[in-house]
2 protein chains.
Amino acid sequence: MRYSYTMISKTQIKNIKLLHQKKYRESEGVFIAEGPKIVNDLLNSKFKVREVFATKEFKVQGSSLRIHEVTEKELIQLSALATPNQVIASFETEDVMPDVRILKMELVLALDDIRDPGNLGTIIRIADWFGIRHILCSESSVDVYNPKVIQATMGSIARVNVYYADLDTVLKEFNTVYAAVLDGDNIYSQKLSKQGVVLIGNESKGVSEKLMKCVNRRISIPNFSAGAESLNAAVAVAVICSEFKRREKA
Amino acid sequence: MRYSYTMISKTQIKNIKLLHQKKYRESEGVFIAEGPKIVNDLLNSKFKVREVFATKEFKVQGSSLRIHEVTEKELIQLSALATPNQVIASFETEDVMPDVRILKMELVLALDDIRDPGNLGTIIRIADWFGIRHILCSESSVDVYNPKVIQATMGSIARVNVYYADLDTVLKEFNTVYAAVLDGDNIYSQKLSKQGVVLIGNESKGVSEKLMKCVNRRISIPNFSAGAESLNAAVAVAVICSEFKRREKA
């Protein structure tokens with residue numbers, strides 16, 4: 001179910017390129033995603049599609065869809081990537097946080113000021129793998145709709161809900177707030193609950209002092225080396241999620 | 001113990017910049033590292049320093065050292081980074097693989113065709129954290145002395161030994177060869193040995209068929225989601241290293 005080839009207009013190209021910038025994504029309530037895997041994952045998700053621009057190679061999975069066919073050259077013009085891949089599509093953003101009572105029934109991640117787009121995208125991908133469905137981000141964290149974040153999720157953005165909130169207010173509603181710190185209790189030997197929030201700090205500064213006041217369980221990944229000072233934030237999230245979840249499958 | 005300021009010559013700048021390229025690193029047997037943390041870690045390691053170029057801000061830790069003082073502008077000329085940070089130094093490469101009998105006494109990682117510099121650097125950092133001292137790389141893997149790899153190790157390159165080898169030959173010497181695959185045994189419930197090799201595959205293709213013939217333990221990180229198809233290679237390494245090591249500290 002494809003459009004026959006129609007010239008893409010300069011205005012269309014300009015409008016998609018504006019979405020590379022946060023202020024236009026926010027004013028339009030729209031973001032872009034690229035590549036067949038990620039676009040197909042999003043087409044089969046809660047996100048509402050706006051427009052799809054694709055070369056002849058692109059195969060849409062599932063439901064029929066109107067597609068603007070573009071040339072390779074046009075795709076390069078639209079793309080935020082160094083090597084565009086078959087398709088770029090725009091979707092409406094989603095950010096209505098559910099009632100905290102819903103979140104309290106699950107294990108949720110909270111990110112305090114994560115700044116690197118690759119880290120946020122990778123964390124979303126990790127959450128997806130480990131069946132974590134909700135991530136709370138401090139307002140200062142990198143924009144989840146940044147194309148670099150979307151691409152790094154490898155499609156997991158279609159399945160994991162990300163909300164921006166004043167963490168100081170929201171965390172107070174939870175009974176159990178874990179924080180990943182360097183001098184906490186050995187995560188391997190702790191009892192870990194199936195509900196609660198796991199708070200992850202900024203890449204260089206860790207969890208802010210203000211938010212530490214909401215924390216009642218300080219946990220650490222033991223260090224087996226004299227020299228290593230830290231783990232990358234996404235790597236720490238992976239080990240922590242694995243520890244919370246393995247007890248269900250061991 | 002510093003050099004008084006001496007003009008850095010055009011030849012010196014050119015020679016350092018050539019080390020951004022693999023062929024010059026190989027012909028010279030020299031690589032570069034940047035930033036106070038990484039350079040200080042390397043200065044206190046097995047690696048022999050060649051030259052250090054630093055701005056006035058740089059504080060060398062430990063042993064005295066002759067430093068070429070450079071201006072911010074000169075540092076930018078030398079650097080492989082978008083934002084240079086105080087110091088750039090050159091070191092002699094090290095790649096003599098110890099006898100396999102030494103390696104067989106420990107838990108070792110083997111990387112089959114890892115291509116992304118950030119992934120290799122992050123894997124070295126993870127290995128360091130978990131006390132893994134040796135990494136074997138297939139000849140086709142990205143060069144460990146690539147500046148992007150060195151920077152991503154955050155100094156762990158000073159403590160983890162990385163060797164390039166024909167994995168097909170070397171792996172045959174080991175009694176236990178684990179491979180991370182998508183349909184292996186649940187790693188959470190396996191007995192895992194303290195010696196052996198853990199083989200990690202290429203970012204998109206996984207472990208090559210040829211090397212799978214050397215494998216006698218296929219392990220997987222359970223997937224808790226219907227949609228997630230994979231984990232990033234470095235993330236998988238982190239979860240696997242954590243599983244091998246936690247039994248020592250739990």
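In this predicted model, the centres of domain 1 and domain 2 of chain A, taken over C-alpha atoms, are separated by 29 Å. Domain 1 covers residues 10-92 of chain A, and domain 2 covers residues 100-249. The two domains meet through 16 residues of domain 1 of chain A, which are in contact with 10 residues of domain 2 of chain A. On the domain 1 side, the elements giving two or more residues are α2 (22-28), β1 (30-34) and α3 (36-43) of chain A. The residues of this side of domain 1 of chain A comprise 8 nonpolar, 3 polar and 5 charged.

Four strands of chain B form an open sheet with mixed pairing, in the order β1-β4-β2-β3. At the edges stand β1 (30-34) and β3 (68-69) of chain B; each has a single partner strand, so one side of each lacks a neighbour in the sheet. For β1(B), 5 bridges make the join to β4 (residues 87-92) of chain B, and these two strands run antiparallel. Within this pair, B:I32 is found opposite B:S90 of β4(B).

The two chains also meet each other. Here, 32 residues of chain B are in contact with 32 residues of chain A. On the chain B side, α6 (117-129) and α10 (233-249) of chain B are the elements that give two or more residues. The most comes from α10(B), which gives 8 residues to the side of chain B that touches chain A. Sorted by class, this side of chain B holds 15 nonpolar, 10 polar and 7 charged residues.

How values were computed
Residues numbered from 1 in each chain as written. Chains lettered and ligands numbered in written order. Predicted model: local features only at pLDDT ≥ 70, side-chain atom pairs only at ≥ 80, totals over all residues. Domains from an automatic or database assignment. Contact = placed C-beta atoms within 7 Å. Nonpolar A, V, L, I, M, F, W, Y, C, P; charged D, E, K, R; others polar. Pairing = 2+ DSSP bridges.
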